[in-house]
Structure formats: structure tokens, C-alpha cells
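Here is a protein chain to explore, step by step. Keep the sequence and the 3D view side by side as you read.

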Amino acid sequence: QVQLVESGGGLVQAGGSLRLSCTISGGTFSSYFTAWFRQAQGKEREFVAFIRWEPYYAESVKGRFTISRDAAGNTVYLQMNSLKPEDTGVYYCARAPFQSIAHTAYTYWGQGTQVTVSS
């Protein structure tokens, strides 16, 4: 049974930084893509970034966010710099057997962690 647990969210001022972590248990890392999505209140879930071996980013976060993983593949990180109020939302990590920016492609999800960026 694959389980994902996010941590690292919080309240930060605009221009600040946060680092999210997604700890993964079960499954085989190399077989899956791990992604970060976010969902603002009243809006649809939005793709942020994914990684298997190479990272891929949404245009809205490119140059500000960095997705990475540890050598064992048990933890995936999202380093978020130059945060903006529009980055506010619940951030989820998720896994899928193929690359996709559509949340419907992802089978396994964490419970989410809240990120709030104040102006």
C-alpha cells in the first residue's frame, strides 16, 4: 500500500521561502512519477511540478520552485522561493505510473499541507 505524507507548510510573507516534503512508503520509486499539485479555496486542483528522473514545472512556478528527491527515492521535496500571495493553497503530493499534468492521472495522494502567503 503506497502512502504519501506531506509536511512543511505554513504562513510566510510574500517574497519568502518554504520547503515542502513528501514522504513515500510502499511501491517502487523508479516506476512512478511524483508530482505536487495545489488547490486554492474555490478553485480546481492545479499542477505544480513532477519528477521521476528529471523535473518538469508549471509555467507559473518555473524559476521560483524546485522539485527534487532524495537518493533513495523515499522523499520528494518542493523548494518554494519568491512566494506570492497567489501561491496560497493546499499543496498535495501524488504518484502516477506515467507523466501527466492532469490530477486525474494520479492514483495515490497525500492529505495535503496548507501554504499561506501574506501580502
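Is Cys93 buried or exposed? Cys93 counts as buried, because its relative accessibility is 0%. The cut-offs are simple: buried means under 20% relative accessible area, exposed means over 50%, and partly exposed lies in between, with a 1.4 Å probe and protein chains only. Before going on, note that this is a predicted model: local features need pLDDT of at least 70, side-chain atom pairs count only at pLDDT 80 or more, and totals for chains, interfaces and linings use all residues. Residues are numbered from 1 along each chain as its sequence is written, and side-chain values use heavy atoms, with hydrogens and water left out.

Now find the partner of Cys93. A disulfide joins Cys93 to Cys22, with 2.1 Å from S to S. The link is right-handed, with 65° about the S-S bond. Cys22 sits in strand β3 (residues 18-25) and Cys93 in strand β9 (residues 89-96), so the pair ties together parts that are 71 residues apart in sequence. Strands here are DSSP runs (E, at least two residues), numbered from the N terminus, while helices are runs of H or I with at least four residues. Cys22 is buried too, at a relative accessible area of 0%. A disulfide is a covalent bond between the sulfur atoms of two cysteines. The search counts a pair of cysteine sulfur atoms within 2.5 Å. Over the whole structure, that search finds one disulfide.

Next, look at a sheet. Four strands form an open sheet in the order β1-β3-β8-β7, and the pairing is antiparallel. Two strands pair if DSSP finds at least two bridges between them. At the edges are β1 (3-7) and β7 (65-69), and each of these pairs on one side only. From one strand to the next, the twist averages 15°. The axes behind such angles are lines fitted to C-alpha atoms, for helices over the stretch in contact, and angles run from 0 to 180 degrees between N-to-C directions. Zoom in on β7 and its neighbour β8 (residues 75-80). Five bridges join these antiparallel strands. One example is Phe65, whose bridge partner in β8 is Met80.

Pick out Leu78. Not counting residues up to four places away in sequence, Leu78 touches several others, including Leu18, Trp36, Val48, Phe65 and Tyr91. Contact means heavy atoms within 4.5 Å.

Now turn to two loop residues. Gly112 lies between β10 (108-109) and β11 (113-118). Gly112 is buried, at a relative accessible area of 16%. Leaving aside neighbours within four places in sequence, Gly112 is in contact with Glu6, Val90, Tyr91 and Tyr92. Ser82 is in the loop between β8 and β9. Ser82 counts as partly exposed, at 41% relative accessibility. Its backbone deserves a look. Most residues other than glycine have a negative phi. Ser82 has a positive phi of about 50°, although it is not a glycine.

Last come the charged pairs. A salt bridge is a side-chain nitrogen of Lys or Arg within 4 Å of a carboxyl oxygen of Asp or Glu. By this rule there are four salt bridges. Asp87 pairs with Arg64, the closest N and O atoms being 2.7 Å apart. This pair links distant parts of the chain: Asp87 is in the loop between β8 and β9, and Arg64 is in the loop between β6 (55-57) and β7, 23 residues apart. Both Asp87 and Arg64 are buried. Salt bridges that share partners join Arg38, Glu46, Arg64 and Asp87 into one network. Within it, Arg38 forms a salt bridge with Glu46, at 2.8 Å between the closest N and O atoms. Arg38 is buried at 5% relative accessibility, whereas Glu46 is partly exposed at 33%.
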